[in-house]
Amino acid sequence: MKKLLFGVFTLGTLIACNSNDSTETLTENTSIASRRSCPSEKLRAERLKSDPKLMAKYIANEEKANKFEQALKLGRINADGSVDIPVVVNVLYRTTSENVSDARIAEQIAVLNADFAGTNTDASKIPTEFSTIKAGDTKVRFHLIKTVRKATTKTSWSTNDAMKKSSTGGIDATSPASYFNLWIVGSMGGVLGYATFPESAGTAVDGVVIAAPYFGKTGATSPFNLGRTATHEVGHYLNLRHIWGDATCGSDLVSDTPTQTSENYGKPTYPLYNTCGGVKRSVMFMNYMDYVDDAAMFMFSAGQKARIQATVASSGPRAGLRVY
Ligand code: ARG
Ligand code: ZN
Ligand code: CA
């Protein structure tokens, strides 16, 4: 803010003294330049003075630049331009195995970092057909801020968000506008996990829930023991839809993911063909946003990366993750 005020002040000074700038007069009268003279700022000052809309835009742009700089200073934007998402893990446990260890939490964060950077070792399995449209590095990273643990007598949870409120036996989210909150519960029946989408950004229920057996790798339950339930749910949190669009031949709003008839399970064999609207396509069942086993999913597409980036952009719905 201080910097912004200074910027406006500087501009005012420019406007004030541009009529009696002797150096400028000298240059203007010389047809061949003898030294460098760039009138951009001076012309800008005139434009800004006469156009309030332009002035408003200028101020907004400076605010954004300052925010970005602040985020960089806080380490929220990495040197490579990736957004460093702060994670708060909330553990609700009844048994010791449900009280997942710090090591297992670190393991899960490492899986998220590899999968979203495209450095997962199984990325080598991406079919050549899809290698040109793979996301590679989605430019988001995750780092653990803190872990909150709470014992409970509850044996089973549902998808009613009870785990997200202390008033219903859960743990309240920590600053959900600026932290990505992740809850681990013992069991949710047949549900591995669920997430809120960006329209819920900053609300008390914002975040991802994962059942303990499907969290992390060590001690997790096969075939969901590679930490990919979190990758899938964080995909939703960052605005990705299921690849089949939750409908027969539905749309996931991503143009480079081939339209497919429905979700896939287990470990399908490549190539797998689906026909939608009379068009036969080889489908991307190995995408994290399908329902296949952890070992069978290993990629995001470039189009999905664009949606992720739009979500965490300084103009995006989850811009709050960039500054805290
Ligand atoms: N919400 C999905 C479910 O509960 C998550 C699917 C995750 N898939 C996976 N292979 N881990 O079924
Ligand atoms: Zn899902
Ligand atoms: Ca698609």
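The following exercises, with worked solutions, concern the packing of one predicted model.

Residues are numbered from 1 along each chain as its sequence is written, and chains are lettered from A and ligands numbered from 1 in the order in which they are written. In this predicted model, local features need pLDDT of at least 70 and side-chain atom pairs count only at pLDDT 80 or more, whereas totals for chains, interfaces and linings use all residues.

**Exercise 1.** Determine how enclosed helix α7 is, and name what covers the buried residues of α7.

*Solution.* Step 1: helices are DSSP runs of H or I with at least four residues, strands are runs of E with at least two, and both are numbered from the N terminus. Step 2: a residue is buried if 20 or more other C-beta atoms, placed from the backbone, lie within 10 Å of its own, exposed if 12 or fewer, and partly exposed in between. Step 3: nine of the 10 residues of α7 are buried, so the helix is largely enclosed by the rest of the structure. Among the buried residues are Arg 228, His 232, Glu 233 and Tyr 237. Step 4: the cover includes α5, β3, β4 (193–195) and β5.

**Exercise 2.** Describe how α5 and α7 cross, and list the residues that meet.

*Solution.* Step 1: the axes of α5 (residues 102–117) and α7 (residues 228–237), which are lines fitted to C-alpha atoms over the stretch in contact, come within 9 Å and cross at roughly 60°. That makes α5 oblique to α7, since oblique covers angles other than those under 35 degrees (roughly parallel), over 145 (roughly antiparallel) and 65 to 115 (roughly perpendicular). Step 2: from α5, Gln 108, Val 111, Leu 112 and Asp 115 meet Ala 230, Thr 231 and Val 234 of α7; contact requires C-beta atoms within 7 Å. Step 3: these contact residues divide into four nonpolar, two polar and one charged.

**Exercise 3.** Identify the residues that touch the most other members of the largest nonpolar core, and the element that gives the largest share.

*Solution.* Step 1: a nonpolar core is a set of buried Ala, Val, Leu, Ile, Met, Phe, Trp, Tyr and Cys residues joined through C-beta atoms within 7 Å. Step 2: the largest core has 59 residues, of which Ile 184, Val 185 and Ile 210 touch the most other members. Step 3: elements giving two or more residues include β1 (83–93), α5, α7 and α8 (302–312). The largest share, seven residues, comes from β1.

**Exercise 4.** Is Thr 275 buried or exposed?

*Solution.* Step 1: Thr 275 lies in strand β6 (residues 273–276). Step 2: Thr 275 has 12 other C-beta atoms within 10 Å and is therefore exposed.

Key. Axes fitted to C-alpha atoms, helices over the stretch in contact; angles between N-to-C directions. Contact = placed C-beta atoms within 7 Å. Nonpolar A, V, L, I, M, F, W, Y, C, P; charged D, E, K, R; others polar.
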